[in-house]
Amino acid sequence: MGNVVLVTGVARQLGGRFVRRIQRDPDVDRVIGVDAVTPEHSLGGAEFLRADIRHPAIARVLAETGVDTVVHMDINGTPLGSRGGRASVKEANVIGTMQLLGACQKAPNVQRVVIKSSTSVYGSAPRDPAVFTENTPPKSLPSGGFAKDTVEVEGYVRGFARRRPDVAVCVLRFANILGPCADSPLAEYFSLPVLPTVLGYDPRLQFVHEDDAIDVLRIAAAAPRRGTLNSGTFNIAGDGVLLLSQVSRRLGRPTLPLFLPTVTWAGTALRSLGITDFSPEQIRMLTHGRVVETTQMRETLGFHPRYTTAETFEEFARSRGPGLLPPASLARTVDRLAGVLSARRGPSQ
């Protein structure tokens, strides 16, 4: 018999796509999607169970269905639609993960657990290293928001791995996932007509294409291929980096450089108006940036993304339509201005 796979967070676009894709894998016999709300999109031939993973009832679901593979994707930075605010998101992330892992611990059939985590566990601080590896400790732990949730979630995952050493555990730390269907706070920020930025900073950013996210989740959820190991913790990001200034040019959206306190105030205003979730942790990321090393992703996990960071952003930008300014004209204008400023400073400055 093939695998019985349970996937959480299927009401979101990425979870729904993963469920539809994994059903086509020859080694998978049955797919069960779980979420607290009914998905608005199709899950193909998968079964859907409306269940809140924060409640102990999830243990009964695992016991009754004979699940052997759990893919936990219900770890997110924002609520889905009108599902409450920050407190409910934290409960779903942290309490939900605790309950799910507790249920997995009691389920003898569970052989593999995959966790959709985030590179936000490293935080964003001025003294951070240029590149984070999976073993690099952050200079300062995230103090709140989704970043702190991911730190707590991974702590519970490590505890589960110690209690159930017979279960293969794979933690995927994704950089920012973008693509035509992206519905993250960062995608909302890039969709603003003018991008508020922090004066004097031009952070380096990495992205993962949503198609690559689906592919690497499939690799993590299956038996390891010859010469690879899909247990452990892996950074997942496309090749290369983009500066925020390059991002704005490619979008054709001008930036509005502001002092940091003003950006913080603007973020609060945007959140209160419901335009975008411009959280403090996102402001830190758009100030100091974050870049991760992906050698283990390639050499150990055996995953090679189809899209680079630049290609991922290019496809995302096409899906959002033109900005206020034509990207080519904006790039020429910025380059011309930079050349004038350089000439005025002179060669000795």
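Buried means under 20% relative accessible area, exposed over 50% and partly exposed in between, using a 1.4 Å probe and protein chains only. This is a predicted model, in which local features need pLDDT of at least 70 and side-chain atom pairs pLDDT 80 or more, while totals for chains, interfaces and linings use all residues. Residues are numbered from 1 along each chain as its sequence is written, and side-chain values use heavy atoms, leaving out hydrogens and water.

View 1. Rings of Phe, Tyr and Trp (its six-membered ring) pair if their centres lie within 6.5 Å; planes under 30 degrees apart count as stacked, over 60 as edge-to-face and the rest as tilted. F190 sits in helix 5 (residues 185-190) and F313 in helix 11 (residues 309-320), so the pair links distant parts of the chain, 123 residues apart. Helices here are DSSP runs of H or I with at least four residues, and strands are E runs of at least two, both numbered from the N terminus. F190 has a relative accessible area of 0% and is therefore buried; F313, also at 0%, is buried.

**View 2. Ring pairs build a cluster.** Its members are Y189, F190, F207, F313 and F316.

**View 3. Now look at Y122 and F132.** Their ring centres are 4.6 Å apart and their planes lie at 15 degrees, so this pair is stacked. Y122 is buried at 2% relative accessibility, and F132 is buried at 1%.
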